[in-house]
Amino acid sequence: MKILIIDAQGGGMGRQLVMSVKKEFPQAKVGAVGTNCLAASNMLKAGADYAATGENAVVVGCRESDIIIGPVGIAIADSMHGEITPAMAAAVGQSRAKKLLVPMNQCNNLIVGVKNTSVSYMIEAVIEQLDEYVTKECRS
């Protein structure tokens, strides 16, 4: 199972996602792609198996992964203060990978009906969904 975690800016959410995924699924190969070197570096320090930076890394990573995890902005062109390029958003959206997108009401993108909750709560929800998906896939 190849999991790709994508984050931007400082990679804070990505760092927390990497730590949580590696803790719960130590057998998974977890890759991290940051839109910048700080985000990638923070995710690598958190335990990602590999890290890369930039648009082409997102495009290639989305093509090669079974699961993509990140804030919802990774699928919206020009989001995250412009760090998500149209090509990055298209790669995420067009990927055949299962996508676990964390709702973040930031950068003029509001997810209606989603209450603002703590990042730690949302990461727990990601792990629950990931566990449900992995368990289902293993039974298939």
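Helices (H or I, at least four residues) and strands (E, at least two) are DSSP runs, numbered from the N terminus. The model is predicted, so local features need pLDDT of at least 70 and side-chain atom pairs count only at pLDDT 80 or more, while totals for chains, interfaces and linings use all residues. Residues are numbered from 1 along each chain as its sequence is written, and side-chain values use heavy atoms, with hydrogens and water left out.

**Exercise 1. The negative patch**

Task: Find which residues form the negative surface patch, and state which helix gives the largest share.

Solution. 
- Step 1. Apply the patch rule: residues with over 30% relative accessible area and no salt bridge, with like charges joined within 9 Å and nonpolar side chains (Val, Leu, Ile, Met, Phe, Trp, Tyr) within 5 Å. Accessible areas come from the Shrake-Rupley method with a 1.4 Å probe, and for residues only the protein chains shown count as cover.
- Step 2. Assign charges: Lys and Arg are positive, Asp and Glu negative, and His and the chain ends are not counted. Each charge is placed at NZ of Lys, CZ of Arg, CG of Asp or CD of Glu.
- Step 3. The patch consists of Glu24, Glu124, Glu128, Asp131 and Glu132.
- Step 4. Helix α6 (residues 119-139) supplies the largest share, 4 residues.
- Step 5. Take Asp131, which is located in helix α6. The classes are buried (under 20% relative accessible area), exposed (over 50%) and partly exposed in between, with a 1.4 Å probe and protein chains only. Asp131 is partly exposed because its relative accessibility is 40%.

**Exercise 2. Another residue of helix α6**

Task: Decide whether Val134 is buried or exposed, and state how far apart Val134 and Ile123 are in space.

Solution. 
- Step 1. Val134 is placed in helix α6.
- Step 2. Its relative accessibility is 11%, so Val134 counts as buried.
- Step 3. Between the C-alpha atoms of Val134 and Ile123 there are 16 Å, for a separation of 11 residues in sequence.

**Exercise 3. Salt bridges**

Task: State how many salt bridges a search of the whole structure finds, and which residue pairs with Lys22.

Solution. 
- Step 1. The criterion is a side-chain nitrogen of Lys or Arg within 4 Å of a carboxyl oxygen of Asp or Glu. Side chains of opposite charge can pair when their charged atoms come close.
- Step 2. The search of the whole structure returns 1 salt bridge.
- Step 3. Lys22 is bridged to Asp49, and the closest N and O atoms are 3.1 Å apart.
- Step 4. This pair links distant parts of the chain, 27 residues apart: Lys22 belongs to helix α1 (residues 12-24), and Asp49 to the loop between α2 (37-45) and β3 (50-53).
- Step 5. Asp49 is partly exposed because its relative accessible area is 41%.

**Exercise 4. Cysteines**

Task: Count the disulfides, then classify Cys37 and Cys62.

Solution. 
- Step 1. A disulfide is a covalent bond between the sulfur atoms of two cysteines. The test is a pair of cysteine sulfur atoms within 2.5 Å.
- Step 2. Under this rule there are 0 disulfides.
- Step 3. Cys37 has a relative accessible area of 60% and is therefore exposed.
- Step 4. Cys62, at 2% relative accessibility, is buried.

**Exercise 5. Sequence and space**

Task: For Val33 and Ala57, and for Thr35 and Val126, state the C-alpha separation.

Solution. 
- Step 1. Val33 is in strand β2 (residues 29-34) and is buried, with a relative accessible area of 2%.
- Step 2. Val33 and Ala57, 24 residues apart along the chain, have C-alpha atoms separated by 6.6 Å.
- Step 3. Thr35 is in the loop between β2 and α2 and is buried at 15% relative accessible area.
- Step 4. Thr35 and Val126, 91 residues apart along the chain, have C-alpha atoms separated by 21 Å.
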